[in-house]
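Here are a few friendly notes to read alongside the model. They follow the charged side chains and how they pair.

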Amino acid sequence: MSAPSTASTKIRGLAGVVALDSEISAIDGEAGTLVYRGYTIEDLARDACFEETVYLLWNDDLPTQAQLDELNAQLRAERAIPDAVLDLLRTTPRDANPMAVLRTAVSHLAAFDPDADADVTDRAAGYRKAIKLTAKMPTIVAAFDRLRKGLEPIAPRAEGSTAFEFLRMLTGEEPGARAEEIMDACLVLHADHGLNASTFTARVIGSTLADMYGAVAGALGALKGPLHGGANRAVMEMLQEIDAHDLDTRQYVEQKLARKEKIMGIGHRVYRTLDPRAKILGAMLEGLSEEKGDMKWYEMSLAIQQIIKDEKGLNPNVDFFSASVYYLLGIEADLYTTIFAISRTAGWTANLLEQWEDNRLIRPRAEYIGPRGKTITPIAER
């Protein structure tokens, strides 16, 4: 009998490879659409709040008013973080990367959750953990930002929306209706996006039956990378560099392209047209810029968008406009990716709950292309 064939098809970066079935979100890269459990992202960003979207991702449909009230009560009750986690934030160097701080704090949270090591197939326990993680993320981010500025953290209240409380804890001031509305929509837009790098990381870790905190900490590690969530910070740094040195935008972009440098926030591994989230955020940026009386960042972004479209045929992704939106909301650039994480925790936990409904260890293989037949030379002769 002949040996089984070892022939395989290797696809760099697993681009386009279907690894599993999911009912959570769907992306059509050619049409430029994003759907959460049957609802378009445009409809959700316009007509559903973040908490409704969280419920949708964790369940089969949008909530009734009673179901939303119950979820809001659960999330609000879990916003506070343990004193030991606050102490960890107090002793963290002020110049630490906020994503690294958030990743460590999430891992530390596990020690204070009696459900942390519960059977991951116990959906009720998993749901409680998802609530705790989603509720506590904004508190951690806001607390660290204040501590590194020499300010005391502001305790969360058991009232108001996630967007409202996050901005209040971060700035010390109650946000206006427009700021809350924009932050809430941003959270909706970032909540899930198919089997992206961080979500895939979470599901791979979850498939080992590791705990939810460990899987989310792993997802945070993946999101920190500049080719994933870290791109939005890089976008703002690019815009600020152009502005600070009064550079010609076209010349700046063309020189970067000539050096084969990447323009962050442009292009997407899935979308072949404009990212629908970028379209929504672009409109938000325009409106917010008009309200603030500062069109500079919007106009600069439009110029870069057009240059890249003309030169490369590429379109902006979700990070491109979100950077300027957060900037105009008064948020530090190095916190942008943590906001992504605050939102995406809903999607990560939804994917973990789905993974554990019918779990199978995710275990692809690599094709070995190294040498064979080597013999060991005694160490004295090497």
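1. A word on exposure to begin: buried means under 20% relative accessible area, exposed means over 50%, and partly exposed lies in between (1.4 Å probe, protein chains only). By that rule Arg157, at 25% relative accessibility, counts as partly exposed. This is a predicted model, where local features need pLDDT of at least 70, side-chain atom pairs count only at pLDDT 80 or more, and totals for chains, interfaces and linings use all residues. Residues are numbered from 1 along each chain as its sequence is written, and side-chain values use heavy atoms, with hydrogens and water left out.

2. How many salt bridges does the structure hold? There are 25, a salt bridge being a side-chain nitrogen of Lys or Arg within 4 Å of a carboxyl oxygen of Asp or Glu.

3. Arg157 sits in the loop between α6 and α7 (162-171) and Glu174 in the loop between α7 and α8 (177-190), so the pair ties together parts 17 residues apart in sequence. Helices (H or I, at least four residues) are DSSP runs, numbered from the N terminus. Glu174, at 53% relative accessibility, counts as exposed.

4. Please also look at Asp113 and Lys132, whose closest N and O atoms are 2.8 Å apart in their salt bridge. Asp113 is in the loop between α5 (98-109) and α6, while Lys132 is in helix α6, 19 residues apart. Both Asp113 and Lys132 are buried.

5. Lys136 forms a salt bridge with Glu78, the closest N and O atoms being 3.5 Å apart. Lys136, at 10% relative accessibility, counts as buried, and Glu78, at 24%, as partly exposed.

Technical notes: Helix = DSSP H or I, 4+ residues; strand = E, 2+ residues; numbered from the N terminus.
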